[in-house]
Amino acid sequence: MNIKIATINEIPQIEILYEELFVEMSKLQPKYIAPAKQDGEFLTNTFSEEKSDILVAEINNNIAGFLLIQELSTPPYSCIVQHNYAYIMDVIVGGQYQSKGIGSALLQEAKKWAEERKLDHLELSVLAENIGAFALYKRHGFKEASHTMRLEINN
């Protein structure tokens, strides 16, 4: 397995994995998430952004998984201590490659990415129903920092 920063030529393989991610998310929260294709312009813009990258895990010239990471700063509110941090927007390992350490390898590379940029911490969001991902992140030292709560009004 080789972990590297993706190139624009790998967008088609990344798009396939995005479809898989969106299907899995829609199974976990069907009322709020639907299967979809990722916007191609979004991916193209990610490659041109200086503060974001897509890290890919490559096995035999196939993209087995990826992690989209970006550098962010806390909002300028007087009560918030200013931090520059890395936000992991999306992580997916293709079904046939799961449970082979690929997610862990991508997270390790994300840590290096953030360290090289001298960022303060890594942050991500995970669906409450995604127990497997939650366990993976905890094994890598992530701790809960907040909870998003929802109250259904009109069912």
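**Exercise 1. Find which residues line the second largest pocket, and say which element gives the most to that lining.**

Solution. The second largest pocket is lined by Gln13, Ile16, Leu17, Glu20, Asn62, Ile63, Ala64, Gly94, Gly95, Gln96 and Tyr97, in a model that is predicted.

**Exercise 2. Describe the largest pocket by its volume, and state which residues lie nearest its centre.**

Solution. The space in the largest pocket comes to about 1700 Å³. Its lining is made up of 49 residues, and those nearest the centre are Leu124, Ser125, Val126, Leu127 and Tyr137. Sorted by class, the lining of the largest pocket holds 23 nonpolar, 15 polar and 11 charged residues.

**Exercise 3. Work out why the buried residues of H4 line one face of the helix.**

Solution. Begin with the residues themselves: in H4, the buried ones are Ala133, Leu136 and Tyr137. When H4 is seen down its axis, these buried residues fall within an arc of 95°, and therefore they line one face of the helix. The face of H4 that is turned away from the buried side carries the exposed residues Ile131, Lys138 and Arg139.

**Exercise 4. Explain why the pair of Tyr18 and Phe66 ties together parts that are 48 residues apart in sequence.**

Solution. The structure holds three aromatic pairs. In one of them, Tyr18 and Phe66 lie 4.8 Å apart, centre to centre, with 50° between the planes, and the pair is tilted. Tyr18 belongs to helix H1 (residues 11–28) and Phe66 to strand S3 (residues 62–73), so the pair ties together parts that are 48 residues apart in sequence. Both Tyr18 and Phe66 are buried, and ring pairs link Tyr18, Phe22 and Phe66 into a cluster.

**Exercise 5. Identify the rings over which the charged ends of Arg117 and Arg150 sit.**

Solution. For Arg117, the ring is that of Trp113, and the charged end sits over this ring at 3.7 Å from its centre. For Arg150, the charged end sits over the ring of Tyr32, 3.7 Å from the centre of that ring.

**Exercise 6. Locate Asn61 and Lys118, and give the phi value of Asn61 and of Lys118.**

Solution. As background, most residues other than glycine have a negative phi. Asn61, although it is not a glycine, has a positive phi of about 65°; Asn61 is found in the loop between strand S2 (52–59) and S3, where Asn61 is exposed, with a relative accessible area of 64%. Lys118, which is also a residue other than glycine, has a positive phi near 55°; its place is in the loop between H3 and S5, and Lys118 is exposed, with a relative accessible area of 71%.

**Exercise 7. State how far apart Lys4 and Leu55 are in sequence and in space.**

Solution. Lys4 is found in strand S1 (residues 2–5) and is partly exposed, with a relative accessible area of 26%. In sequence Lys4 and Leu55 are 51 residues apart, whereas in space they are 5.6 Å apart, C-alpha to C-alpha.

Key:
Residues are numbered from 1 along each chain as its sequence is written. This is a predicted model: local features need pLDDT of at least 70, side-chain atom pairs count only at pLDDT 80 or more; totals for chains, interfaces and linings use all residues. Side-chain values use heavy atoms; hydrogens and water are left out. Rings of Phe, Tyr and Trp (its six-membered ring) pair if their centres lie within 6.5 Å; planes under 30 degrees apart count as stacked, over 60 as edge-to-face and the rest as tilted. Helices (H or I, at least four residues) and strands (E, at least two) are DSSP runs, numbered from the N terminus. Buried means under 20% relative accessible area, exposed over 50%, partly exposed in between (1.4 Å probe, protein chains only). A charge sits over a ring if NZ of Lys or CZ of Arg is within 6 Å of the ring centre and within 35 degrees of the ring normal. On a 1 Å grid over the protein atoms alone, a cavity is a set of points where a 1.4 Å probe fits but cannot get out, and a pocket is an open set with protein on both sides within 12 Å along at least five of seven lines; lining residues have an atom within 4 Å of a point. Grid points are joined across faces, edges and corners, and a volume is the space filled by probe spheres set on the points. Ala, Val, Leu, Ile, Met, Phe, Trp, Tyr, Cys and Pro count as nonpolar, Asp, Glu, Lys and Arg as charged, and the others, Gly among them, as polar. The arc is that of the directions from the helix axis to the C-beta atoms.
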